[in-house]
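Colleague: I have a model open and would like to go through it. Can you take my questions one at a time?

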Amino acid sequence: MMSETNGTKPHTTVTVSTDPGAVNQSLEIRLNIGYFKTLPGIVKLVQLVCGVICMACAAPATGVGQRIGQTFGLGHNHWFLFVVVTCFIVTLIWIFYYLLQIREFIKVKLPFTFLWIEVLYTCISTALYVIAFIVILAGFGWCAGNATCDARIAAGVFAIFNSIAYGVGSWLVYAEYNATPPELQ
C-alpha cells in the first residue's frame, strides 16, 4: 500500500477558469462634490460646523458648584452633549451618503426611501436641538460671568443657530421629498 502512493497522500487538483463573456463591472469611487454647492449641501455643512462648535464649547461635561456632594448642571451638560454628538454623527453619515453617491449603489427594493428617512431625521434633530439648547441655557444661564458657565452659554447660543439650520434643512428635504416622484426616491 505504501508503494502505491509512494509515502505521500493523494491530492486533488482544482482548476479555475474565468468566463471571457462575463461583463466586468467597474467599481470606482466617484465623489459628488457638486452636491455641496447646492443649498441642501451647504446647510448640511453648516450643521456640521455648528455641531463642532457646540461640542467644543460644551465639552468636557462639568457642572458648577457643590451642593451636598452634587455638582449642579452636570445632567444638563450630559443631555446637551448627547444630542449634539448624536446629531453630529448622523449628519456626518448623511454627508458621506451624498458625497459617495451611495443611493446609486443600493439596488435592493427597500420598504422605505432614504429621502423619507432623512425628512424624519432632520425633523427629529430640530426638535432635539431646541430641547437641548433650552436645557443647557436653563442649567447654566444663572451663573454668567464664570468661565465654565460662559462656555456652556456659548454652546447654547450656537445650538440655537444649529436648530435653525436643522429647521431649514428639514424644510428643504421635505420640499425635495414632495417634488420627487416615488419611483425616483
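Colleague: First one: is Cys87 buried or exposed?

Modeller: Cys87 counts as buried, because its relative accessibility is 3%. Buried means under 20% relative accessible area, exposed means over 50%, and partly exposed is in between, with a 1.4 Å probe and protein chains only. Bear in mind that this is a predicted model: local features need pLDDT of at least 70, side-chain atom pairs count only at pLDDT 80 or more, and totals for chains, interfaces and linings use all residues. Residues are numbered from 1 along each chain as its sequence is written, and side-chain values use heavy atoms, with hydrogens and water left out.

Colleague: How many helices and strands are there?

Modeller: The protein chain has five helices and two strands. They are DSSP runs numbered from the N terminus: helices are H or I with at least four residues, strands are E with at least two. From the N terminus, the order is α-α-β-β-α-α-α.

Colleague: Back to the inside. Which residues have the most contacts within the largest nonpolar core?

Modeller: They are Phe80, Val84, Cys87, Tyr98, Tyr129, Phe140 and Ala159, in a core of 33 residues. Such a core is a set of buried Ala, Val, Leu, Ile, Met, Phe, Trp, Tyr and Cys residues joined through side-chain atoms within 4.5 Å. Two or more residues each come from H2, helix H3 (74-99), helix H4 (114-140) and H5. The largest share, 11 residues, is from H3.

Colleague: What does Ala159 touch?

Modeller: Apart from neighbours within four places in sequence, Ala159 is in contact (heavy atoms within 4.5 Å) with Cys54, Phe80, Tyr129 and Phe133.

Colleague: And Gly156, where is that?

Modeller: Gly156 lies in helix H5, residues 147-179. Its relative accessible area is 0%, so Gly156 is buried. Not counting residues up to four places away in sequence, Gly156 touches Phe80, Phe133, Ile136 and Leu137. Gly156 and Phe80 are 76 residues apart along the chain, and their C-alpha atoms are separated by 8.6 Å.

Colleague: Cys54 came up. How many disulfides does the structure hold?

Modeller: Zero, where a disulfide is a pair of cysteine sulfur atoms within 2.5 Å. Cys54 is in no disulfide, and the nearest cysteine sulfur, that of Cys50, is 6.5 Å away. Cys54 is buried, because its relative accessible area is 0%.

Colleague: What about salt bridges, how many?

Modeller: The structure holds one. A salt bridge is a side-chain nitrogen of Lys or Arg within 4 Å of a carboxyl oxygen of Asp or Glu. Here the side chains of Glu118 and Lys44 meet, at 2.7 Å from N to O. Glu118 is in helix H4 and Lys44 in helix H2, 74 residues apart, so the pair links distant parts of the chain.

Colleague: Are those two buried or exposed?

Modeller: Glu118 and Lys44 are both buried.

Colleague: What share of the residues is buried?

Modeller: Buried residues make up 32% of the 185 residues in the protein chain.
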